[in-house]
Amino acid sequence: MADKYDAVVIGAGHNGLVCAALLAKAGIHTLVLEANERVGGAAVTRSFSQGYSVSAVAHLLYQLQPQVERDLGLKISVAAENLRTVALSGDGNHVRIDGNDVYGVSDADKASYRDFRSRMTRFADLLNTYLNKTAPRLTKGAGKSDLLTLVQLGLDVRRLGRREMREFLRLIGMNIRDEVHERFDSGLLRGAISLDATLGTHLGPRSPNTILTYLYRLAGTHAVLKQPAGGMSAVSEALARSARENGAVIRTGMKVSRVIVQNGRVAGVETESGDTFRSGVVVSSADPKSTMLRLVGSKHLETGFTRSIHHIRARGNAAKLHLALDGLPGIAGVESEEFGCRFLIAPDDHYVERAFNHAKYGEASVKPVFEITFPSFRDSTLAPAGKHVMSAIVQYAPYELRAGWSADTRETFWKLALKTLSHYMPDLERRITASELLTPADIERQFHITGGHWHHGELTLDQFLFTRPVGGAHQYAMPVGGLYLCGAGTHPGGGVSGAAGRNAARVILRREKTA
Amino acid sequence: MMVIEVEQGRLRSPFYPRQARIDRLNLWHDWKGYASADGFYDTGIEYFSVRNSTGVFDISPMSKYRITGPDSLEFVNRLVTRDMRKLKPGRVAYAVWCDDAGQVLDDGTVFHLQEGVYRICSQEHHMSWFKTAALGMDVTIVDETSDVCGLAVQGPTSFSVLKAMGLDGIDSLRPFGFATFDFQAAELLVSRTGFTGDLGYEMWITPGKAVELWDALFDAGKLFGIRAIGTHALNLTRIEAGFIQAYVDFLPAYATVRPGRSRSPLELGLEWLVDFEKPNFNGRQALADEKRDGSTWRLVKLDIEGNKPAHHSYIYPRKGAGKACGFITSAVWSPVCKQNIALGTVRTPHGNVGDKLYVEIYYQREMHWSKVISQATVVDKPFWNPARRHATPPAKF
């Protein structure tokens, strides 16, 4: 028995859902197949201990493209927004960042930060226009719209004015460390910005193009941090609702094992349980490597293309730590009402770079960096009354750990993480009643993301715009008829933004209408 | 300056101990790291041994890759443009393989050694490409270039030589077939293949038995005019046969930098090797597009007036035409055909069979250069293609 649909979307991650909702809205009979029992992919709320829930991978919302919300009329209720950032200091003299203002630093740093924010957000806005468009084709097959986009990009850069254009071109390939050293004296401020530029990547502050990753973070909403009510599932449930209301069918617990290809065209998908769904259009929100090498298979592809896909760098480096606490820990210099903030442990950029040094050689950081939230502080649904959960991104925990990820190495990393945390929160350890640590290897296994990488592929200039996921296949259509990608591995990249899913849907609607 | 001393820079063929004894010229060149002889005696003598008796050419430097594993057929079939499902064990196929853009990387022979075991032989090295083509497939690729050495035994008496060597059953070996024989407790593989366009065989054996094979072969061939030949003589014969050569008549696509310098199989006259009916193969889409839209280049065989070889000549569509439409890649005065022949590449639509083109031949007499414009007719058949090449069993001498 084979069910027939106009389009099958593989994966109900946020991009898959955005794409499916937009396809369904345009009248395409769309089926979404999700391997896990819940929709959301890596944007999902999960219980990790009786009574304690937490956003499993992504834990803050700051990149969702306004266009996506507008197109789908999304209403996402938030438990908190405009979260402040507290860059923790061992001595209690923390630095606090709130929008364009920073506290706890010199007047010169304050002024410089405002200037820095203003410039960065301007550049991020410029970038954002192109994140919401299909990256233009440069060579064979370039059409009028490709040329227009290119010309527009050139004009937009030029329109910044001579000084700002030069500054943009100077910065775009640069590393964040050089910029924060030029601008700021405060180690904590340098560290906080360095951390933001490298979160979720296999990059350190001195790695080239960490300005680009910083701009990417700011694009869309200028990194205004939100905490969705009930965790990240609020976002994915809203998207799933929108998809269903538009007529899409979503089936969970259905792991696609194979994309069926006949005579160079997709004919449908097959699931692990043996179900077959026929469709002339298959859209995968899985990462490019999984999709092309595992689900499609190299025999249906060109050798050179296979090589390019194989060479996509997608080594996750961010672990996720969840702690169930019987109460909030004490942090010197932090008032109890401040626990709704985002806390960073990155005392300066050298600390971040040193943490990354280990990762370069396949070792986990001895002194990791952290992005910490206590989501239960603002959202009582996440923990029993009086109790709390802590959700932290811990870097660096390289996917390709030389010793390999095992119960032992996970335990070792957990202890190192706790040691660093305890330095800032001395009573933390005795407040822990349960914990969960997801290494990139766990994220790969549980969320079916190659390398456990947030962006499904490193976000660097060589894997950006025209070359994401690979050159010549950057416009969502893959070189198998009817096959499309719509996930974070495509332009523009990852983060809970929905841009890739939206761009892909627009391409699919245009192409399949003319086909 | 520091010079790193190595014991041996250029490899010797396992047959070298015997080649050294007969070598009168000491002319060697590099073939993928191996020393390969230009000739041993005289190009003319060696050439005529192939056409009149038997010439023996050392093909040991040929790159050889052994493909095994459950997906070996799938691998080979996706690699080359021909349908390998039709290649039965015991058979050999001439094939080309292309990059994504349908541009030729190399040509060579594919041996179906036994069910699911293949050997690919080619002039160039391809391990990197093959490894990439094997991504996602359960195959093992072993470079066995130095584990297998070989001799091409070519010419009208070659069958009689092998018969005299005692290879029972060689009578029934058909073109593009192979058979194995016991040779002094080693396996001797004999395929009816070659690069001369004549009756001939290629013999493959472990390097440990190379000298013994050479001795047995030359012993058996003594009365049949057997003679070792070098690359110069072989080159004459392969042009007569209309065979193309990498780096001469085409460039492997990954050796080109400028756009338009590589060639597709359609542009090399190898459309008969491209099977659009078979499952996906590398370059398929690009080749289908090219077939629909037309090719840019066409390889032509030319029969040229006069007797001056048209080395490196420009080809013109008309006498006095200002703009050339192509150029010669291989040229020779063919002693057996008594024809001035060449292979060339011309822009389409020029070069249809029967077209009269013009080549501009420069030649030197006592230091002074002269030029002649000669008419060249496009032909479609090989210049040399004797009936004995295809006869089974071949005639005895």
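Residues are numbered from 1 along each chain as its sequence is written, while chains are lettered from A and ligands numbered from 1 in the order in which they are written. In this predicted model, local features need pLDDT of at least 70 and side-chain atom pairs count only at pLDDT 80 or more, whereas totals for chains, interfaces and linings use all residues.

**View 1**
Chain A splits into domain 1 (2-40 + 233-312 + 455-514) and domain 2 (45-231 + 318-396 + 402-438), with bounds that come from an automatic or database domain assignment. Their C-alpha centres are 27 Å apart. Across the boundary, 29 residues of domain 1 of chain A are in contact with 34 residues of domain 2 of chain A; two residues are in contact if their C-beta atoms, placed from the backbone, lie within 7 Å. On the domain 1 side, α1 (14-25), α9 (233-245) and α16 (499-514) of chain A each give at least two residues, and the largest share, five residues, belongs to α9(A). Helices here are DSSP runs (H or I, at least four residues), numbered from the N terminus. The domain 1 side divides into 15 nonpolar, twelve polar and two charged residues. In this count, Ala, Val, Leu, Ile, Met, Phe, Trp, Tyr, Cys and Pro are nonpolar, Asp, Glu, Lys and Arg are charged, and the others, Gly among them, are polar.

**View 1. The largest nonpolar core.**
A nonpolar core is a set of buried Ala, Val, Leu, Ile, Met, Phe, Trp, Tyr and Cys residues joined through C-beta atoms within 7 Å. The largest one has 162 residues, and A:Leu215 and A:Val283 have the most contacts inside it. Its largest share, eight residues, comes from α1(A), and both domain 1 and domain 2 of chain A supply at least three residues each. Leaving out residues up to four places away in sequence, A:Val283 touches A:Ala7, A:Val9, A:Ile10, A:Cys19, A:Tyr484, A:Cys486, A:Ala504 and A:Ile508. Apart from this core lies another, of 103 residues, including B:Tyr47, B:Phe195, B:Ala210 and B:Phe224.

Helix α6 of chain B (residues 210-221) has twelve residues and reaches 16 Å from its first C-alpha to its last, close to the 16 Å expected at 1.5 Å a residue (1.5 Å times one less than the number of residues). B:Ala210, B:Leu213, B:Trp214, B:Leu217 and B:Gly221 are buried. Because these residues cover an arc of only 100° around the axis, they sit on the same side of α6(B); the arc is that of the directions from the helix axis to the C-beta atoms. On the other side, B:Asp215 and B:Asp219 are exposed. A residue is buried if 20 or more other C-beta atoms lie within 10 Å of its own and exposed if 12 or fewer do, with C-beta atoms placed from the backbone.

**View 2. B:Leu213 and its surroundings.**
B:Leu213 belongs to helix α6 of chain B. B:Leu213 counts as buried because 24 other C-beta atoms lie within 10 Å. Beyond its neighbours within four places in sequence, B:Leu213 is in contact with B:Phe183, B:Leu188, B:Met203 and B:Ile205.
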